[in-house]
Amino acid sequence: MQNILDIDTVALNKEEDAVVIIDQTRLPGEIVLKELNKAEDMFNAIYLLEVRGAPAIGVFAALSMYVLSKEVNIEEPEDFRRWFERTCEYLNSSRPTAVNLSWALKQMSDLVFEKEGLKRSEILPEIRSLALKIRDDDIKVCRAIGEYGLTLLHKGDGVLTHCNAGKLATVRYGTATAPIYLAEEKGYHLRVFCDETRPLLQGARLTAFELTSAGIDTTLICDDMSGLVMKNGWINAVFVGCDRVAANGDTANKIGTSVVAAVAKRYDIPFYVCAPTSTIDMNTPSGSDIVIEERNPDEVTKMWYKERMAPEGVKVFNPAFDVTDHDLIKGFVTEYGIARAPFEKSFAEIFRIKKEKGR
Ligand code: MRU
C-alpha cells in the first residue's frame, strides 16, 4: 500500500482536465484517488467531506475553477465572467464555516473580473497560474507554520490534537501536525494524543492514520478522555487547526475544540491554534459573527455504526464546529510568526509583515 504522506491531498491530473483528491471518506481502510471534473461532483466532494479541512477545500476550489474554466464552452467575455461568478458562488455554498473556501474563490473571481473584455481562452493561463499559486503557497505556509510551531516544543513532549489539521486537511504537512512532523525529523520523540473527534471521527480515521504512517508515537483517545490525560500530566501543549479566526482571536474549529481549550486552561497547558493567515478573517469581528454549519442528524445517530445507536425520532443537534473564546488561546502559530494576546494588535503586525513580504 502507498504511504498516505507521499500523495498530495489535492492535485491536478496529468492532462489537467480533472482535480484529483484522496477520498477521505474511505480512509483509513483504503487509499482511493478520485478524479473530479464536474461542478456538481466538486460541490458534493466538499459537502460530503471527501475533501475537507479549511486549507484543502480552498486549494481544491481554486483548482476546480481552473479545470471547469478549461472545459467550459463559453468564449465570449461577458458570458464567461457571468458563468465564472455563478460557479464560484455555487462551490462556495457547499460549506459555510471555513473561510479559506471563500478566500480562494474570491481571488479567482477577482482575477476574472479584472480582465474585463478578455475571452475565456485569453484569461485561462492566468486562471491556471493563480490556482497553482494558491496550491504552492499552501505548501510553503504549512512548512513555515511547522518551523514556528517547533519552537514551542521540547524533546519528549506530550501533544494533544483534535480533529484533523494534518496533511489531509492541506496539500502536504498540515498545520497542527507540521510542527509534529518537523519534530520527528529532528528526533524529538513526541508522544501525540489524538481525540477521535465525534461524530465524523477525523481524529481516529485521519490524524491517527497519518501520524502512525509517519512512525510517530500516537495514542488515540475518545473525546471524553482528554481531561484525564491532561490531569495525568501527559500533555505539555495542545495544537489544533482552525476554520475561521475572527479579528479578536475567537476561533471556529471542529466541534469539541472549545472543551479541550477550557480543560487545558484548567490544567495550565498552553493551547495553540495553528493558523495560516488565509484562515484569519479580519472582516469578522468576533466569534458570534461566525456562521456554524449544522449537519445531518444521521451522522450522530447511525452513520458510523453497524446498527442505529439512538432511538428513532430523537431530537439531534449536530453543529460541525464550535468557537473557542480568545482568552483560552495562548497563541496563533502563523506562517509569519506567533501571534499572542492582545490578538487585534498581534494580527495587525502579522498582516503588516505579510504585506511587506508582498504575499
Ligand atoms: O469538518 P472538517 O473535517 O472539514 O473540519 C476540519 C477542522 O475542523 C480542521 O481542524 C480545520 O479545518 C483546520 S485544518 C488545517
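Predicted model: local features only at pLDDT ≥ 70, side-chain atom pairs only at ≥ 80, totals over all residues.
**β7 and its neighbours.** I started with β7 and strand β10 (residues 271-274), which pair in the parallel sense over three bridges. My rule for pairing: DSSP has to find at least two bridges between two strands. Strand and helix names are DSSP runs numbered from the N terminus, with E over at least two residues for strands and H or I over at least four for helices.

Residues are numbered from 1 along each chain as its sequence is written, and side-chain values use heavy atoms, with hydrogens and water left out.

Next I checked which strand joins β7 through two bridges. It is β4, and β4 and β7 run parallel. Val-159 stands opposite Ala-237 of β7.

Then I looked at where the β7 side chains go. Ala-237 and Phe-239 point one way from the strand (residues 237-240), while Val-238 and Val-240 point the other way. All four are buried, where buried means under 20% relative accessible area, exposed means over 50%, and partly exposed is in between (1.4 Å probe, protein chains only).

**The whole sheet.** I traced the strand order as β6-β5-β4-β7-β10-β13-β14, an open sheet of seven strands with mixed pairing. At the edges I found β6 (217-221) and β14 (337-339), each pairing on one side only. The twist averages 25° from one strand to the next.

Back to β4 (residues 158-161): four bridges join it to β5 (residues 191-195), and the two run parallel. Leu-160 has Phe-193 as its bridge partner in β5.

What lies across β4, β5 and β6? I found helix α7 (residues 202-213) there, running at about 160° to β5. Such angles run from 0 to 180 degrees between N-to-C directions, on axes fitted to C-alpha atoms, for helices over the stretch in contact; contact is heavy atoms within 4.5 Å.

**The ligand.** I counted 18 residues around the ligand, the closest being Arg-52, Ala-54, Arg-95, Asn-253 and Lys-254. To be listed, a residue needs a heavy atom within 4 Å. I also went through polar contacts, here pairs of N or O atoms within 3.5 Å. A ligand oxygen is 2.8 Å from a side-chain N or O atom of Lys-254. For the side chain of Asp-243 the distance from a ligand oxygen to an N or O atom is 2.9 Å. Taken alone the ligand exposes 420 Å², and the protein buries 99% of that (areas by Shrake-Rupley, 1.4 Å probe).

The loop between β5 and α7 holds Pro-199, joined to Arg-198 by a cis peptide bond with omega about 0°. Leu-201 is found in that loop too, with a positive phi of about 60° although it is not a glycine. Is Leu-201 buried or exposed? Buried, at a relative accessible area of 15%.

His-189, in the loop between α6 (178-185) and β5, also has a positive phi, near 50°. His-189 is exposed, at 59%.

My last entry is another cis bond, from Ala-341 to Pro-342, with omega near 0°. Pro-342 is in the loop between β14 and α11 (343-356).

Methods: Polar contact = N/O pair within 3.5 Å; in protein donor to acceptor, adjacent residues only side chain to side chain.
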